[in-house]
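Hi everyone, thanks for coming. Let's have the structure up on the screen, and then I'll walk you through what I found in it.

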Amino acid sequence: MSLLTFTTIYAQRPASGPPLTAGEEKVFLLGADSITINKLPDGTEIRRVVNKVIFRHKGALMYCDLAIHNVASNALEAYGHVKIVQGDTVTVTGDTLFYYGNSRLAKVSGKVVTLKDRKRTVTSNRIEYDMASGVAFYPDRGKTVDAENTLTSKQGYYDTRTKISTYYHDVKLVNKKYTLTTDTLVYNSLTKMADFRSPTKVVSKDGTVIAKNGSYNTETGESVFRTRTTIDNPDYTLTGDSLSFDNLNKKGFAKGNVELVSKNDETILNGDFGQYNGKLGRSKVWGHALTRTVISKDTLFMTADTLYSIEIQGAKALPTKKASKNVIDSDTSDAQKPRQLIGYKNVLLYKKDLQSKCDSLIYNSLDSTITFLKKPIIWSGKYQMEADSIVAQLINQKLRTMYLKAKSFVIAQDTLFNFNQVKGRRITAFFDDSTRLERVFVEGNGESVYFAANEANKPMGMNRVECAKMTLNFKRNQVNRIQFVGQPDGRFIPPQGVKAEGKQLDGFNWRIKEKPTKTDVLAKTNFKPKPPKIVKPIEKPQDKTNQTVKKEVLKTKVKPKLKKL
């Protein structure tokens with residue numbers, strides 16, 4: 001080491017920090033190739049040390065090529081190959097260091113400044129490291145990298161002891177499985193939990209999450225969202241006022257104004273609560289539950305205590321409207337997965353050509369059947385149908401056949417307000433392309449009452465028939481002819497002989513007042529459709545130039561030229 005020299009030249013020094021208090025250790029020079037000591041008129045000692053410089057303070061070592069050390073203020077500034085080593089856990093490197101020993105604050109800057117602990121690295125062009133608390137801060141854009149994640153932001157804090165980081169502005173967390181972007185994020189490197197309190201988007205191969213406040217486990221994919229959140233993937237969209245999701249097991253639970261949209265079969269489920277199980281392909285909504293599904297350009301509305309949407313496992317996918325008519329040649333990416341839509345308890349259903357009340361209902365998209373259970377009642381056009389259970393068969397999404405099983409009863413009111421009736425153990429009703437009743441086949445204890453009218457629509461009388469089996473054919477919603485199997489017991493009663501008590505079969509109950517409307521279904525679920533946006537037509541500005549020219553042309557008079565004689 002070179003000899004000490006003394007001069008009276010004022011050396012550059014770091015800004016003075018607070019005065020040294022009792023019990024605080026001074027920054028101690030361990031070694032350097034050379035040292036120059038300058039004393040100021042007030043007695044302050046400034047040391048200039050060069051090459052292989054090493055300082056120690058509170059167990060931390062500081063390295064550099066050149067340093068200016070203010071002994072009185074216990075501060076130093078260092079240049080070239082700056083490095084701070086705190087214990088065996090934290091290392092900070094950069095080009096320039098301002099260190100205030102009394103507060104133990106280190107301000108490191110340079111082209112690339114790094115702070116490393118055992119499992120992660122923080123980089124920026126400026127890092128302020130509080131060695132007393134172990135908290136590092138970068139005021140400019142920085143990056144934190146660990147084994148699984150890369151996190152960038154405009155500003156950030158990293159606690160080297162608790163391993164908790166806080167990031168602000170343009171925050172981006174990149175993982176092999178997803179990318180998270182937000183404005184404010186608190187991330188715990190030990191628990192792998194990311195907490196955000198600003199608009200946030202999480203994008204992965206499984207879909208997109210849009211939320212404002214919540215927690216996300218970057219390792220397991222489990223998440224809890226405390227404000228209105230939307231999860232969107234290729235198969236469905238799930239939205240709720242609060243939401244939890246397990247990405248690994250593909251399970252979600254939503255609460256408050258829940259909306260689950262199934263993209264494959266154009267079905268929307270709404271309710272107070274909702275569950276989704278992606279692996280099993282099951283969705284469940286309850287509490288003011290409502291489903292809307294598009295069938296043949298018409299929307300089916302249904303409410304129940306609980307609604308289920310279940311993927312039929314092992315079934316072949318159905319081609320969508322976009323797919324080719326040739327199923328073999330159709331693209332499987334355009335195929336929709338066959339599902340069961342189930343309404344459980346207190347079902348109300350509304351479709352333009354079909355309305356119903358029943359205990360429970362199952363719609364199967366694989367064979368296009370709707371099964372109504374436990375004494376259902378159905379209205380279709382002018383017809384009311386009841387039985388212990390009913391199965392409706394759809395072809396090309398239109399009602400074509402209806403099977404009424406046990407205690408079947410069909411009623412229709414004609415234009416003269418008479419009630420045509422058919423009852424039996426089993427009834428099969430066939431409908432035409434316009435969903436008008438075409439034929440009714442009755443099996444077992446068949447009974448019928450129908451009223452005849454002439455072409456002028458004047459009553460001709462009433463037919464009452466009993467037969468084990470019968471077929472009623474309809475034309476323009478009127479009974480055209482009846483075919484009987486076995487020995488029918490029938491009689492025709494002229495108008496004057498028809499009595500009120502003979503007009504109805506046993507069990508007759510015209511329940512038209514119970515027929516649900518679309519308004520009834522929506523009111524029961526407290527669902528309010530969004531009003532359509534009114535777009536005003538853009539008024540084209542009038543061309544004032546053309547108008548002016550036109551007026552001038554109209555006012556202009558052309559004088560005939562006078563020929564000289």
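This is a predicted model: local features need pLDDT of at least 70, side-chain atom pairs count only at pLDDT 80 or more; totals for chains, interfaces and linings use all residues.

If you want a pair to find on screen, I427 stands opposite V442 in β38. This hairpin also has five residues between its strands, and T435 takes a positive phi near 60 degrees.

Stay with this region for the side chains. The charged end of R439 sits over the ring of F430, 4.2 Å from the ring centre. In the loop between β37 and β38 you will find D433, and its partner R400 is in strand β36, residues 398-413. R400 counts as partly exposed, at 24% relative accessibility.

Here is the overall picture. The protein has two helices and 41 strands. Of its 565 residues, 45% are buried. The accessible surface comes to about 31500 Å², and carbon and sulfur atoms hold 53% of that.

Back to charges. How many salt bridges does the model have? The count comes to 19. One of them joins R118 and D88, whose closest N and O atoms are 3.4 Å apart. R118 is in the loop between β8 and β9, while D88 is in the loop between β6 and β7, 30 residues away. Are these two buried or exposed? R118 is exposed because its relative accessible area is 65%, and D88 is exposed as well, at 62%.

Another salt bridge pairs R126 with D140, with 3.5 Å between the closest N and O atoms. R126 lies in strand β9 and D140 in the loop between β10 and β11, so the pair ties together parts 14 residues apart in sequence. R126 is partly exposed, at 34% relative accessibility, and D140 is partly exposed too, at 29%.

Last topic, the rings. There are 10 aromatic pairs in the structure. Take Y157 and Y168: the ring centres are 6.4 Å apart and the planes stand at 90 degrees, so this pair is edge-to-face. Y157 is in strand β13 and Y168 in strand β14, so the pair ties together parts 11 residues apart in sequence. Y157 counts as partly exposed at 35% relative accessibility, and Y168 is partly exposed at 28%. Ring pairs also bring in F137, giving a cluster of F137, Y157 and Y168. And one more for those who like charges over rings: the charged end of K83 sits over the ring of Y63, 5.2 Å from its centre.

That's my tour, so please send me your questions.

How values were computed: Residues are numbered from 1 along each chain as its sequence is written. Side-chain values use heavy atoms; hydrogens and water are left out. Helices (H or I, at least four residues) and strands (E, at least two) are DSSP runs, numbered from the N terminus. Buried means under 20% relative accessible area, exposed over 50%, partly exposed in between (1.4 Å probe, protein chains only). Accessible areas come from the Shrake-Rupley method with a 1.4 Å probe; for residues, only the protein chains shown count as cover. Two strands pair if DSSP finds at least two bridges between them. A salt bridge is a side-chain nitrogen of Lys or Arg within 4 Å of a carboxyl oxygen of Asp or Glu. Rings of Phe, Tyr and Trp (its six-membered ring) pair if their centres lie within 6.5 Å; planes under 30 degrees apart count as stacked, over 60 as edge-to-face and the rest as tilted. A charge sits over a ring if NZ of Lys or CZ of Arg is within 6 Å of the ring centre and within 35 degrees of the ring normal.
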